[in-house]
Amino acid sequence: MSTRGTDFLQKWIGANVPRTAGADIISVAELTQKLFADAKAIGISSTEIEEDTGSVYEAILDAIVHHDAGR
């Protein structure tokens, strides 16, 4: 289990997923790629993030959909 990976994912989503992000496949895929690039730049692997959280794609999509539901 990687607390560091989970913490990174949660903070990254909060700071990088815009309120206007669409829940379409391209927007979510681009955000997912950016997350992995940012993680790699500070030495966190995709495996470290996903071992505790599951699919990063699904986590980002869920954050977008959940935010839209709260409007």
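1. Start with the pairing of Glu48 and Arg4: their side chains meet in a salt bridge, 2.8 Å from N to O. A salt bridge here is a side-chain nitrogen of Lys or Arg within 4 Å of a carboxyl oxygen of Asp or Glu. Glu48 lies in helix 3 (residues 46-53) and Arg4 in helix 1, so the pair ties together parts that are 44 residues apart in sequence. Glu48 is buried at 16% relative accessible area, while Arg4 counts as partly exposed at 43%. On those words: buried is under 20% relative accessible area, exposed is over 50%, and partly exposed is in between (1.4 Å probe, protein chains only).

2. Before going further, a word on what you're looking at. This is a predicted model, in which local features need pLDDT of at least 70, side-chain atom pairs count only at pLDDT 80 or more, and totals for chains, interfaces and linings use all residues. Residues are numbered from 1 along each chain as its sequence is written, and side-chain values use heavy atoms, with hydrogens and water left out. Helices are DSSP runs (H or I, at least four residues), numbered from the N terminus.

3. How many salt bridges does a search of the whole structure find? The search turns up two. Besides Glu48 and Arg4, Asp38 forms one with Lys34, the closest N and O atoms being 3.1 Å apart. Asp38 and Lys34 are four residues apart in helix 2 (residues 25-41), which means they are separated by about one helical turn. Asp38 is partly exposed at 27% relative accessibility, and Lys34 is partly exposed too, at 40%.

4. Now helix 1. It runs over residues 3-16, and at 1.5 Å a residue its 14 residues should span 20 Å; the end C-alpha atoms are 19 Å apart, which agrees. (The expected span is 1.5 Å times one less than the number of residues.) Gly5, Thr6, Phe8, Leu9, Trp12 and Ile13 are the buried ones in helix 1. They cover an arc of only 160 degrees around the axis, which puts them on the same side of helix 1. That arc is taken from the directions from the helix axis to the C-beta atoms. Thr3, Gln10, Lys11, Gly14 and Ala15 are exposed on the other side of helix 1.

5. Buried in helix 2 are Val28, Leu31, Thr32, Leu35 and Ala39. Looking down the axis of helix 2, these buried residues fall within an arc of 105 degrees, so they line one face of the helix. An α-helix has 3.6 residues a turn, so residues three or four places apart point the same way. Over on the other side of helix 2, you'll find Ile26, Glu30, Gln33, Lys40 and Ala41 exposed. After helix 2 comes Gly43, with a positive phi near 85 degrees.

6. What about the core? The largest nonpolar core has 15 residues, of which Trp12, Val17, Ile49 and Ile60 touch the most other members. Helix 1, helix 2 and helix 4 (56-69) are the elements that give two or more residues to this core. A nonpolar core is a set of buried Ala, Val, Leu, Ile, Met, Phe, Trp, Tyr and Cys residues joined through side-chain atoms within 4.5 Å. Not counting residues up to four places away in sequence, Ile49 touches Gly5, Phe8, Leu9, Leu35, Phe36, Ala39, Ile44 and Val56; contact means heavy atoms within 4.5 Å.

7. Thr6, in helix 1, is worth a click. Thr6 is buried, with a relative accessible area of 12%, and its side chain makes a polar contact of 2.9 Å with that of Asp52. A polar contact is a pair of N or O atoms within 3.5 Å; within protein, one must be able to donate a hydrogen and the other to accept it, and residues adjacent in sequence count only if both atoms are side-chain atoms.

8. Last stop, Ile64 in helix 4. Ile64 is buried, at 3% relative accessible area. Leaving aside neighbours within four places in sequence, Ile64 is in contact with Val17, Ala21, Gly22, Ala23, Val28 and Leu31.
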